[in-house]
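Work through the exercises below with the sequence and the structure at hand. Each task is followed by its solution.

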Amino acid sequence: MDLKSNEPFWLLKNGLIASYPSLKSNEKCDVLVVGGGITGSVIAHQMIEDGYDTILIDKRELCNGSTSATTSMLQYEIDVPLYELIEKIGEKGAVLSYKACSDAIDSIEKLTKMIKSKAGFKRKKSLYFASKKKDSEWLKKEYKARKQNGCKVQWLEEEHILEKFEFQNTYGGILSEQGASIDAFQFAHELFMHNTKKGLKIFDKTEMVKVEEHKGFNLVTVNSGYKIKAKKIIYCIGYESKNLLKENFVNLKSTYAIVSEIDKDKFKNISSTLVWNTDEPYLYMRTTDDGRILIGGGDEDFYGAEKRDALLNKKEKEILKKLKKIKPDYHFYTDFTWAGTFGETKDGLPYISEHEKFKNSYFVLGFGGNGITFSVTGMEMASLFMKNKKHPLSRYFKFGR
């Protein structure tokens with residue numbers, strides 16, 4: 001599956017950071033991590049930290065799937081509003097899920113400091129504004145739900161949004177204290193390099209083609225014919241899990257993003273804020289660490305890479321039209337345009353769980369706008385799985401829920 005169009009900003013910005021060999025011999029390990037994106041990088045890190053002999057494989061070069069197309073916005077807010085999630089799964093699970101995403105941002109910051117990351121991690125606030133007058137009613141309900149459950153939020157009336165951010169035609173919004181941005185492509189590569197020094201073995205351009213299940217281990221055959229004997233497999237394959245798991249647990253969507261030319265002064269008043277709105281699909285934006293504006297949206301059902309990429313020009317115009325509504329006098333000079341694929345689940349939550357049809361295995365599949373933060377939550381959950389223990393969120397993130 002092609003998870004991105006040809007020119008994602010992060011891949012072009014960073015170039016070829018590192019290269020790894022393909023598998024050329026039979027191997028054995030405690031843990032085989034399948035998938036070399038941001039999720040694979042944090043899970044492999046956790047396995048190495050826990051002392052497991054770990055191998056990671058990816059059928060592409062590392063991070064060249066959806067990680068190269070991500071917007072890298074780190075939010076505690078889940079695509080399903082808190083008040084709505086409470087109605088769907090109950091207050092305990094909903095609040096725990098939001099808190100886990102919030103804690104994940106703190107964990108990422110600690111990781112960036114530990115490995116002396118240069119991936120531009122920056123603490124930011126998050127503005128979630130009503131794009132239509134009718135949306136302000138439920139958005140105020142969302143504000144109250146977050147406030148009651150300990151989120152650091154304040155309500156901004158439209159005149160305050162205009163004064164603070166110079167956005168017109170809004171109808172109030174929630175300003176959250178918790179949020180951040182990063183270059184996830186670079187950060188994942190940094191984590192890989194950090195952990196190869198600690199014993200992590202990485203093989204790219206190495207595709208899993210067959211898994212034989214045995215008592216206490218799995219035998220994985222890759223495209224070169226070599227085999228890996230692994231006590232456990234952790235699948236970090238994101239949206240490509242649709243090719244492996246037959247049940248309909250996630251709907252694939254295409255999303256579109258554009259990045260401006262470098263201009264640090266144009267949007268300096270949102271340089272410390274993530275911005276998104278209540279449109280369906282919602283518009284979102286952030287600044288990059290090199291002084292650009294990244295704006296995305298235009299989501300629609302995924303019908304294949306060719307059809308997705310054919311809409312790039314149309315979607316760029318659509319996104320800029322929405323930007324014009326809130327910034328009528330601003331001219332956006334596009335430098336990069338690309339598309340990526342993401343997934344929506346019925347409750348906005350990930351699937352981080354064992355699966356009844358896969359022995360000795362665990363899945364860490366972060367979906368929606370919180371793929372990165374969900375993956376970091378998956379570090380703790382995968383660590384507990386290896387010890388045959390359950391996490392408080394296990395029942396909410398499991399298959400068949």
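**Exercise 1: the cavity**

The residues that line the largest cavity divide into eight nonpolar, no polar and no charged. The model is a predicted one.

Task: State how many cavities of 30 Å³ or more the structure holds, and which residues line the largest cavity.

Solution.
1. The structure holds one cavity of 30 Å³ or more.
2. The volume of the largest cavity is about 40 Å³.
3. Its lining consists of Ile38, Val42, Ile108, Ile182, Ala184, Phe187, Ile372 and Val376.
4. Two or more lining residues come from each of helix H2 (38–49), helix H7 (184–196) and helix H10 (371–386).

**Exercise 2: helix H3**

Task: Find which residues of helix H3 (residues 82–89) are buried, and which helices these buried residues pack against.

Solution.
1. Taking buried as under 20% relative accessible area, the buried residues of H3 are Leu82, Tyr83 and Leu85.
2. Viewed down the axis of H3, these residues lie within an arc of 160 degrees, so they line one face of the helix.
3. The buried residues of H3 pack against helix H4 (91–114) and helix H5 (135–148).
4. After H3 comes Gly90, with a positive phi near 100 degrees.

**Exercise 3: strands E13 and E17**

Task: Determine how many residues of strand E17 (residues 334–344) are buried, and in which sense, parallel or antiparallel, E13 and E17 pair.

Solution.
1. Eight of the eleven residues of E17 are buried, and the strand is mostly covered.
2. Strand E13 (residues 251–260) pairs with E17 in the antiparallel sense, over ten bridges.
3. Opposite Thr255 stands Gly340 in E17.

Methods: Residues numbered from 1 in each chain as written. Predicted model: local features only at pLDDT ≥ 70, side-chain atom pairs only at ≥ 80, totals over all residues. Heavy atoms only, no water. Buried < 20%, exposed > 50% of the residue type's maximum accessible area, 1.4 Å probe, protein only. Helix = DSSP H or I, 4+ residues; strand = E, 2+ residues; numbered from the N terminus. Arc of directions from axis to C-beta. Contact = heavy atoms within 4.5 Å. 1 Å grid on protein atoms, 1.4 Å probe; cavity = no way out; pocket = protein on both sides within 12 Å on 5 of 7 lines; lining within 4 Å. Points joined across faces, edges and corners; volume = space filled by probe spheres on them. Nonpolar A, V, L, I, M, F, W, Y, C, P; charged D, E, K, R; others polar. Pairing = 2+ DSSP bridges.
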